[in-house]
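New page in the notebook, new fold to get to know.

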Amino acid sequence: MKDRRRKKRRVRKRDWSVNDLDAENRQPRRFRGLDVGLGTEAEDIDERFEAIQPNGVVVSPYGVLAFVEFDGQERLCRVAERLCVGGTSILAPGDRVRVDAQQDDLCVSAVQHRQSKLSRPATKGQREQVIAVNVDHILCVVAVAQPRFKVGVLDRFLIAADIGHIRPIVVVNKTDLAEEAPREFDVYRDLNLPIIFTSCETGEGIDRLRTHLENSVSVLAGQSGVGKTSLINCLHPDIALETREVSDYNEKGRHTTTVSRLYHLAGGIDIIDTPGIRQLGVWDVTKEEVALYFPDIAALGEHCRFRDCSHTHEPGCAVQDAVETGALPAVRYKSYCRIRDSLDSKSPWA
Ligand SMILES: Nc1nc2c(ncn2[C@@H]2O[C@H](COP(=O)(O)OP(=O)(O)O)[C@@H](O)[C@H]2O)c(=O)[nH]1
Ligand SMILES: [Mg+2]
Ligand SMILES: [Zn+2]
């Protein structure tokens, strides 16, 4: 019970500051679908991070090499052996590193402690896959159409952000494809989440998005095709990244590793594009915990007759009452139930 209350408070507080990551957040999380905390990697790997004065930022790791922004340029560096395990370095986009330069030889010799971490859990025979580190925001990108908006996907991203204490920004892209202003996002506005409507076709909302992202590091999350790469292009047209081609390439599976990559855009905007994150699993959250990550449902749940109400069938349930009166949107409630139900099924990555 005690544990439950602590979590509740954390959800309500919505304290997203990365600097506030405290000892509690350094412990391995039960929620491993998207671990944004610190330290689920093997103990000895954790020990390789140090307090250093960095002079470079990892843009994209490349086996035992890494592209690093160093001296105002992107340079291919080798990575010291002690920072490699089994043919790959432990580096991820966003890592702050020490680069030792001796004439043409550039070597990453040390890596700074991470402030936040976004990763996929280890699957059979594989190490945990770190997608991005030291991020301030998760941009949860959805589209009004093509692909069709799925409430559940967004809700899972938000749970992940909540757990990792990383500030989510909801980006609703492709507004040019909607006849009228979509209403299904009102619920997120009511939760005080930043929500930005954008179109890479008309340029709508791009300036607003830019303002939110200035002088911070963000990681893009969203289903394939919602326009993540296109958004980077809009924010910084000079970059001219390939959109379709890149995602096709990945979908055909020719690309065996997930390449996530940091882009430095104008205005101090750092963005990590991640072809890897399409949908995140939340299977390590228990059924009982799900409600705590739906702040509106958690608040209503305070008024249920039973303290351990699941809000699915019990009498005297304030949540079900709210659905009946329309105070809680049915679609929101359904999403809660669906994620709750999904926790019976096995991890798709297991
Ligand atoms: N109509 C419309 N199409 C878009 C928009 N943003 C991206 N697209 C298209 O959607 C497709 C997928 O975009 P991409 O950026 O590769 O998506 P990603 O997989 O999320 O990186 C491309 O054909 C883009 O041209 C938008 O705002 N409106
Ligand atoms: Mg892309
Ligand atoms: Zn209830």
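Here are my entries, going from the whole chain to its sheet and its core.

**Overview.** I'm noting first that this is a predicted model. I looked up the secondary structure and got eleven helices and 16 strands. Of the 350 residues, 39% count as buried. I also checked contacts between residues at least 6 apart in sequence, and 65% of them join residues at least 24 apart.

**The sheet.** Next I traced an open sheet of six strands with mixed pairing, and I wrote its order down as S13-S12-S11-S14-S16-S15. Strands S13 (195-197) and S15 (261-265) are the edges, each pairing on one side only. On average, neighbouring strands are turned by 25 degrees against each other, direction ignored.

I then picked one pair inside it: S14 (216-221) and S16 (269-273) run parallel over four bridges. Ser-216 has Ile-269 of S16 as its bridge partner.

**Helices on the sheet.** Helix H5 (206-213) packs on the sheet, where I found it touching S12 (167-173), S13, S14 and S16. Helix H6 (228-235) lies across S11 (137-143), S12, S14, S15 and S16, at about 160 degrees to S16.

**The core.** Which residues touch the most other members of the largest nonpolar core? I found Val-68 and Cys-140, out of 77 residues. Helix H3 (151-164) gives the most to this core, with eight residues. Domain 1 (41-113) and domain 2 (133-273) each supply at least three.

Definitions and conventions. Residues are numbered from 1 along each chain as its sequence is written. Chains are lettered from A and ligands numbered from 1 in the order in which they are written. This is a predicted model: local features need pLDDT of at least 70, side-chain atom pairs count only at pLDDT 80 or more; totals for chains, interfaces and linings use all residues. A nonpolar core is a set of buried Ala, Val, Leu, Ile, Met, Phe, Trp, Tyr and Cys residues joined through C-beta atoms within 7 Å. A residue is buried if 20 or more other C-beta atoms lie within 10 Å of its own, exposed if 12 or fewer, and partly exposed in between; C-beta atoms are placed from the backbone. Helices (H or I, at least four residues) and strands (E, at least two) are DSSP runs, numbered from the N terminus. Domain bounds come from an automatic or database domain assignment. Two residues are in contact if their C-beta atoms, placed from the backbone, lie within 7 Å. Two strands pair if DSSP finds at least two bridges between them. Axes are lines fitted to C-alpha atoms, for helices over the stretch in contact, and angles run from 0 to 180 degrees between N-to-C directions.
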